[in-house]
Amino acid sequence: MSRSDEPEPFPAHVPTRARWTLAALLLAAFAGLLALRVNHWGGLDQTALFYVGLPAVIALIVVFTVRARSATGIAMAVTTVGLALAAALLGEGTVCLVVAAPLLYGIAALVAWTAEALKAGGRGGRHALLGVPVLFVLALEGVAGTSLLPRADQGEGSVLIDAEPERVAAALAAPPGYAVPDALFLRAVPFPHPVRATGEGLEPGDARVVDFTPRRILQIGSEPTPRDMELEVAESEWDGDGGRVVFDVVRDTAFANWMDMRRAEAVWEREGGGTRLTWTVEYERTYEPSWYFGPIQSYTIDLAAEYLATTFRDAVAGAGE
């Protein structure tokens with residue numbers, strides 16, 4: 001490429017056409033995100049059309065309208081600003097934006113690189129063209145209820161407790177005290193954390209209400225909103241060697257924006273000189289694309305189930321002191 005073909009760098013003091021284009025792009029992105037927030041538009045902010053399609057569109061517009069030394073770099077910068085706008089508008093969706101950030105940046109970079117290859121032509125452009133229909137299909141996942149992977153899933157966590165099964169059953173029958181999770185992922189991402197519980201008993205019909213950290217929305221004048229989860233014992237059986245209790249989720253205002261929590265099951269049985277306690281949490285994923293959010297949510301629920309197991313282990317230890 002000759003020197004005359006090279007794009008000139010942006011003068012720091014002159015608003016170039018490219019900068020006006022970027023400003024218009026960001027204004028359009030803000031308007032679109034605001035409309036999505038106000039109208040909810042069929043839950044599109046939970047589909048791959050949002051998490052794959054939005055960065056793809058941003059990258060394409062940048063590549064075909066902006067003259068810059070690196071269209072990919074500009075696309076990444078615009079995506080960053082878009083994330084900042086979305087965080088303020090999507091409320092609880094901020095959690096998913098934090099989790100989805102690697103996906104958004106990856107899609108923006110991939111699409112920008114592909115578009116630049118197509119513009120350049122040649123063999124590289126022909127090869128890049130093959131990825132276009134694949135990306136298009138992936139971006140439609142979640143629209144009209146489509147999903148590549150099953151939405152129903154479960155997480156499991158287990159711990160060996162140095163106590164008899166009777167003591168474990170007694171701890172499960174009482175509301176536990178909740179500590180900050182040990183898992184770095186649960187502490188780093190702004191998930192709601194349990195703070196207290198009320199209710200007791202292991203008989204069918206016995207209920208629990210678990211209060212979580214309040215909801216905080218990035219809006220001027222907004223007040224923290226309480227959120228909780230109500231569970232009811234659906235099945236239970238136990239004896240001197242162990243038992244099983246199943247809690248159905250009756251109401252959930254803590255996780256409903258990210259997943260549909262269904263039930264939690266605690267199984268405890270004598271093992272060696274102690275008791276093995278295993279928690280299984282069943283849920284249904286509500287976010288797409290499944291190939292990205294599926295493994296992440298599965299990993300998160302595994303950590304949550306392990307947190308429950310260690311919480312009741314600590315409750316047994318505290319009761320024995």
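Reader: How do the axes of H7 and H9 cross?

Author: This is a predicted model. In it, the axes of helix H7 (residues 165-173) and helix H9 (residues 290-319) come within 9 Å, and they cross at roughly 110°. Angles of 65 to 115 degrees count as roughly perpendicular, so H7 is roughly perpendicular to H9.

Reader: OK, and is the crossing of H7 and H9 left-handed or right-handed?

Author: The crossing of H7 and H9 is right-handed.

Reader: Which residues of H7 and H9 make the contact?

Author: From H7 you have Arg167, Val168, Ala171 and Leu172. H9 brings in Phe312, Ala315 and Val316.

Reader: How many of the contact residues are nonpolar, polar or charged?

Author: The contact of H7 with H9 has 6 nonpolar residues, no polar ones and 1 charged.

Reader: Switching to strands. How many bridges join E3 to E4?

Author: There are 7 bridges between strand E3 (residues 207-215) and strand E4 (residues 225-239), and the two run antiparallel.

Reader: How many residues sit between E4 and E5?

Author: The hairpin formed by E4 and E5 has 2 residues between the strands.

Terms used: Residues numbered from 1 in each chain as written. Predicted model: local features only at pLDDT ≥ 70, side-chain atom pairs only at ≥ 80, totals over all residues. Heavy atoms only, no water. Axes fitted to C-alpha atoms, helices over the stretch in contact; angles between N-to-C directions. Helix = DSSP H or I, 4+ residues; strand = E, 2+ residues; numbered from the N terminus. Parallel < 35°, antiparallel > 145°, perpendicular 65-115°, else oblique. Left-handed = near helix turned anticlockwise from the far one by under 90°. Contact = heavy atoms within 4.5 Å. Nonpolar A, V, L, I, M, F, W, Y, C, P; charged D, E, K, R; others polar. Pairing = 2+ DSSP bridges.
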